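Hello,

Here is the structure I promised to pass on. Please have a look, and then read on for what turned up.

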Amino acid sequence: MDSGMIGKIEKAKRYAEERDRINFESFKATFEGENNPHTVTFENDNWNCDCDYFMTRGVCSHTMALERILEGTIPLSTALA
Ligand SMILES: [Zn+2]
């Protein structure tokens with residue numbers, strides 16, 4: 001491996017520890033729930049999930065789990081703040 005690549009890998013390891021450098025603007029994920037898979041999206045700081053609970057409450061276990069996984073890279077919702 002060339003020294004340029006070694007340097008990039010070292011930098012990537014450091015960046016991976018510095019989550020506040022990263023801000024997700026949008027993404028879409030499939031979430032394997034206990035009963036069915038759900039589609040979760042994040043766009044313009046807004047979460048959406050196709051589960052019934054999210055439809056009535058605007059937040060659900062799927063969005064909250066993803067918020068925990070992505071902590072530091074997205075704004076915290078009022079549910080977790
Ligand atoms: Zn959900």
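Are Phe-27 and Trp-47 buried or exposed? Both Phe-27 and Trp-47 are buried, a term used for under 20% relative accessible area, with exposed for over 50% and partly exposed in between (1.4 Å probe, protein chains only).

Before the rest, a word on the source: this is a predicted model, where local features need pLDDT of at least 70, side-chain atom pairs count only at pLDDT 80 or more, and totals for chains, interfaces and linings use all residues. Residues are numbered from 1 along each chain as its sequence is written, and side-chain values use heavy atoms, leaving out hydrogens and water.

Now the zinc ion. Its protein donors are Cys-49 (SG), Cys-51 (SG), Cys-60 (SG) and His-62 (ND1), at 2.1 to 2.3 Å; donors are N, O and S atoms within 2.8 Å of the metal (3.2 Å for Na, K and Ca), and since water is not among the atoms, sites may look incomplete. The donor residues follow the spacing C-x1-C-x8-C-x1-H.

Finally, the aromatic rings. The whole structure holds 4 aromatic pairs (rings of Phe, Tyr and Trp, the last by its six-membered ring, with centres within 6.5 Å; planes under 30 degrees apart are stacked, over 60 edge-to-face, the rest tilted). One of them, Phe-27 with Phe-42, is stacked, at 5.7 Å centre to centre and 25° between the planes. Phe-24, Phe-27, Phe-42 and Trp-47 form one aromatic cluster.

Best wishes
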